[in-house]
Amino acid sequence: MSLCFLTDNCGRLAAHAALVSLPVLLNHINTFEKVQQFTSSISAAKSVGAQFFIGETNSAACHGLAGVSDSLGAALWMLDYSLTGATVGMDGLYFHNGVGFPYSVWQPIAVNGTAAHASGL
């Protein structure tokens, strides 16, 4: 099992924030290159009869970025990412979610003054 995020919003630096954008997310070459880094691990798992899963993944590390991770574009990216992963032999992707995170599709409880809600995706 591995960990993989397409972009990084952890440093909150301008250089990181510039990479967390819909044009970067929706560029299939970026997704393909990210998935390709796992081909040797996938092959190793398959060679011993094991499955290969990405254990924690999503659009941007450190809870995503509002306006990007919670958009229709991010939903389209998830589809592209999932299908690209399947074509190289990934058996599953576990998308990371959490209460109050921009990349969460729903928030089941009220938190910090924000009501429970589902995303408009």
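## A parallel strand pair

In this predicted model, I54 stands opposite L93 in strand 3, and F53 stands opposite G92 in that strand. Strand 2 (residues 53-61) and strand 3 (residues 92-95) run parallel and are joined by 3 bridges, where pairing requires that DSSP find at least two bridges between two strands.

Together with helix 5 (residues 72-87), strands 2 and 3 form a right-handed β-α-β unit; right-handed here means that, with the strands pointing away from the viewer, the path from the first strand over the helix to the second runs clockwise. Strand 2 is largely enclosed by the rest of the structure, because 7 of its 9 residues are buried (under 20% relative accessible area, with exposed meaning over 50% and partly exposed in between, for a 1.4 Å probe and protein chains only).

## Basis and overall architecture

Residues are numbered from 1 along each chain as its sequence is written. Local features need pLDDT of at least 70 and side-chain atom pairs count only at pLDDT 80 or more, while totals for chains, interfaces and linings use all residues, and side-chain values use heavy atoms, with hydrogens and water left out.

The protein chain holds 5 helices and 5 strands, arranged from the N terminus on as β-α-α-α-α-β-α-β-β-β. Of its 121 residues, 32% are buried. Among contacts (heavy atoms within 4.5 Å) between residues at least 6 apart in sequence, 71% join residues at least 24 apart. The chain exposes about 6,600 Å², of which carbon and sulfur atoms supply 62%, with areas computed by the Shrake-Rupley method and a 1.4 Å probe, and with only the protein chains shown counting as cover for residues.

## The nonpolar core

The largest nonpolar core has 15 residues, and those with the most contacts inside it are F38, F52, I54, Y81 and M90. Two or more residues come from each of helix 4 (39-47), strand 2 and helix 5, and helix 5 gives the most, with 3 residues. Such a core is a set of buried Ala, Val, Leu, Ile, Met, Phe, Trp, Tyr and Cys residues joined through side-chain atoms within 4.5 Å.

## A salt bridge and a loop residue

A search of the whole structure finds 1 salt bridge, defined as a side-chain nitrogen of Lys or Arg within 4 Å of a carboxyl oxygen of Asp or Glu. The side chains of K46 and D91 meet in this way at 2.6 Å, N to O. The pair links distant parts of the chain, since K46 lies in helix 4 and D91 in the loop between helix 5 and strand 3, 45 residues apart. K46 counts as partly exposed at 37% relative accessibility, and D91 also counts as partly exposed, at 33%.

F101 sits in the loop between strand 3 and strand 4 (106-107). Leaving aside residues up to four places away in sequence, F101 touches H63 and H96. The C-alpha atoms of F101 and H63 are separated by 5.0 Å, although the two residues are 38 apart along the chain.

Note on methods:
Helix = DSSP H or I, 4+ residues; strand = E, 2+ residues; numbered from the N terminus.
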